[in-house]
Amino acid sequence: MTDLERILTRVERPARYVGGELNTIIKDWERVPVRIVFAFPDVYEVGMSHLGMHILYHVVNSRDDALMERVFAPWIDMEREMRREGLPLFSLESHRSVCDFDVVAFTLQYELSYTNVLNMLELAGIPLECRARDSGMPLVVAGGPCAFNPEPLAPFLDAVFLGEGEEALHDLVEVVHRYKGGGREELLMALARVPGVYVPRFYQPEYGADGGFRRIVAQAGVPAKVVKRVVRDLDRAPYPLRPIVPYLEAVHDRAVLEVFRGCTRGCRFCQAGAIYRPVREKRPETLLDQAEALLSNTGYRELSLSSLSTTDYSHIKELVAELVERYGNEPVNVSLPSLRVDSFAVELARSVQGVRKSSLTFAPEAGTQRLRNVINKQVTERDLLQTVETAFAAGWMRLKLYFMLGLPTETLEDVDGIARLARMVLDKGRECGAPKGRLAVTVSTSSFVPKPHTPFQWEPQAPLPVLRERQAFLQGRLKGKNLVYRWHDPETSFVEAVFARGDRRLAPALRRAVELGCRLDGWRECFRFDLWQQAFAETGIDPGAYAYRSYGYTDALPWDHLDSGIDREFLTREHAQALAGETTRDCRNDQCTGCGLCPNLEIEPYVAEAGTGAPV
Amino acid sequence: MPRFRLCYRQEGRARYVSHLDIVRAFERATRRAGLRLLYSQGFNPRPKLTFAAPLAVGVSGCREYLDLELEEEREPVEVLEALRSNLPDGLVPVAVRVVADGPALMSLVDRTRYLAVGPVPEGFDARALQAELAAFLSRGEIVVERRSAKGLKRKNIRPGIYSLRAGINGGKLCLSMELKAGAGNVRPDEVLKALGERLPLVPDDFAVLRTALMSRDNQLLWGGKGDGE
Ligand code: SF4
């Protein structure tokens, strides 16, 4: 028995660590010059549900000169055993030490995974600070949504990839190949010249005498601003039609078909809606072909139509009808992850679900029309009530409603509005004759976190005591039969807010938090707010100065040198309109609202021909 | 509808997969292979796929069995080939045959054989080990603790140990055991643990392989005398 085999008998779900799943690719290590390990800073089940990983795995492994393997954050029991036996972090495919790879590529999906990034580096035996890594050590890179402000991680990351990775990864492979065996500095300089690549060490932040962030200065030879990468033609972009099929049940255990990228609704709190612009659809024929290949290559019984707002796909009705026609008897279920608040969406959900056994989820996000206008969530009370009526009439009995607490300008009246809406929905259910025993309206709230590159990037987060108070208030208002209230702990949102708009001075606090034992912060049972507070205190950081900071339009922002393609003027205009309670229309269907992205990146939105799929 | 019995090996990385996940892996493989499994009727249709005996996580099996029911007639060799090219690496189909309707596969299994291979305890040779095992088995009671949904339970495993033999092969201790399956079953790790209390051996150091599943009358599930294998 090897050390690993011995350890595996002692941990929960050892299949998380060994690989060997269907469609895994194991290449001949000696014959492949560029070796990358994709590192997902959360556990296997979460990481394997992430579409981006499957895409990049496919992109890199389709090259002859490169290989990509996978590694995930070990769960607490595995970490304990690994440390005890002195076993370094290893990849799933070849069980090789992560530190043997040329590149360790992290994806940064949420701020609460930052501790896992550092912990994984540590477990791999890779020096945390880039400056301490010599040329024998892997290059540590990162991408994903949080790459749009990676400053708190800047000292630990050699390079950061902004925007979509399908094409940028090819550049990475080529540069690494060319500079293999050479000096670190030359390699990094070459990377810094690749479009969309940010090499933090070539950029120096400056702070004012008052401690405020002043600006970031690019060294000679690297671009002052790094502009995100974007795939022009999603229809022809590489797509993993032979994705790895985990043995373990992943969080999303199904085949995933990406229908389009980008979202045009312009919700002002939403970072994904900002950084994945413009909207780019695939053609229905492409999607049908891909669906066929995915199902036959995986054997999944569920096909999820994925995007930020799938109901908005221009041919959604035809696509769903065709899929149900082809696979309805297999039995294969088609699922729609996010439903728009309208009857059309419910009808669509009805057409894919023969038996209405599960619940439907809608996200009005705010409790009053006033506040929904502020955030540009264009859903009226009438829309919602009509929608739920359709849902109840169609036989659903369990509905879930998502809201955010602490949105800019929110008052108690808005919070009360959430309870009021929930009750109206419940009344509708009773009116529609949903049986008392089975009727359930669940309200879930999360706390608003201001995110970079959105119109709300200047806004402070609501103070923790206020969030707790509003949550308690809502809890009081949502007591009663058939009502369920669920919430996210505001403390985690607070830490998220600190890092979302953080700068490099947070790095020591992050490092200290990891030393104190913070990891897997996205898991309620692991999150230790007390340790976080201790880490901030010991490193002299006032976290509130980050989370509660209100920026002026002319203030420098720590992510100003990272360009999402959207004009700053558009964001300020949106912010001002938000405060005035004015909405901005959807930019789908040739109704450009002038965010500047398309001209800036010389790209055009692509909607698969006429037909909006929207109700008339 | 035709019912097929598959004999397969579960080895390598697949030995770390739990039984529930193995069931799903086979279900998906049949779908990829274009074999139309029969599904139960109702709200949540379940595939007609039944296993002889779940394998514990970490243990390999070189003669595992499952029955699958298909919607249509197929040649056994076709089923075998279809599965061969559609299963992940550690699940290896060995043979397929048609079986008549009969009792559920699981109810046939009465005993299981295992081979556990690990380091030879310091200071023992084959003879000394045989003597230790004889003394071990001569006890009327061998009590182990088993974790269940209701907490720890004490359990006498002696009646479920039909045989236990030791040999030294290539510098390794090889323990072969024949244990009770089904109600009153004994697991190989329980035997190792109990042995570890009298011999200097660490159960985690042993690689465990299930070599056979047998029915009450000592027949292999495939047919043929259990001893003849
Ligand atoms: S430039 Fe216009 S069309 Fe393009 S993403 Fe921005 S608002 Fe939409």
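This is a predicted model: local features need pLDDT of at least 70, side-chain atom pairs count only at pLDDT 80 or more; totals for chains, interfaces and linings use all residues.

Me: OK, how many residues of chain A are in contact with chain B?
Reply: On the chain A side there are 34, and they meet 27 residues of chain B.

Me: And what area is buried between chain A and chain B?
Reply: About 2,500 Å², with carbon and sulfur atoms giving 52% of that. On the chain A side, Met1(A), Tyr247(A) and Arg301(A) lose the most area to chain B, together 29% of what that side buries.

Me: How many salt bridges across that interface?
Reply: The rule finds seven. Arg24(B), for example, forms one with Glu249(A), where the closest N and O atoms are 3.1 Å apart.

Me: Which helices of chain A supply residues to the side that touches chain B?
Reply: Helix 1 (3-8), helix 2 (15-18) and helix 10 (284-298) of chain A each bring at least two residues to that side. By class, the chain A side has 16 nonpolar, eight polar and ten charged residues.

Me: How many polar contacts between the two chains?
Reply: There are 14 residue pairs in polar contact across the interface, counting pairs with both residues at pLDDT 80 or more.

Me: Switching to chain B: which residues of helix 5 are buried?
Reply: In helix 5 (residues 188-196) of chain B, the buried ones are Pro188(B), Glu190(B), Val191(B), Leu192(B), Ala194(B) and Leu195(B).

Me: What do the buried residues of that helix pack against?
Reply: Several elements of chain B, including helix 4 (126-137), strand 5 (111-119) and strand 10 (207-214).

Me: Now the ligand. Which residues are around it?
Reply: Four cysteines are among them: Cys587(A), Cys592(A), Cys595(A) and Cys598(A). The list also includes Arg277(A), Thr593(A), Leu597(A) and Pro605(A). The shell divides into six nonpolar, three polar and one charged.

Me: Last one, Thr445(A). Where does that lie?
Reply: Thr445(A) is in strand 17 (residues 440-447) of chain A.

Me: Why does Thr445(A) count as buried?
Reply: Because its relative accessibility is 2%, and buried means under 20%.

Me: What does the side chain of Thr445(A) make a polar contact with?
Reply: The side chain of Tyr485(A), at 2.7 Å. Leaving out residues up to four places away in sequence, Thr445(A) also touches others, among them Phe403(A), Leu405(A), Gln471(A), Trp487(A) and His488(A).

How values were computed. Residues are numbered from 1 along each chain as its sequence is written. Chains are lettered from A and ligands numbered from 1 in the order in which they are written. Side-chain values use heavy atoms; hydrogens and water are left out. Contact means heavy atoms within 4.5 Å. Buried area is the accessible area (1.4 Å probe) that two parts lose on being put together, summed over both. A salt bridge is a side-chain nitrogen of Lys or Arg within 4 Å of a carboxyl oxygen of Asp or Glu. A polar contact is a pair of N or O atoms within 3.5 Å; within protein, one must be able to donate a hydrogen and the other to accept it, and residues adjacent in sequence count only if both atoms are side-chain atoms. Helices (H or I, at least four residues) and strands (E, at least two) are DSSP runs, numbered from the N terminus. Ala, Val, Leu, Ile, Met, Phe, Trp, Tyr, Cys and Pro count as nonpolar, Asp, Glu, Lys and Arg as charged, and the others, Gly among them, as polar. Buried means under 20% relative accessible area, exposed over 50%, partly exposed in between (1.4 Å probe, protein chains only). A residue is near a molecule or strand if one of its heavy atoms lies within 4 Å of it.
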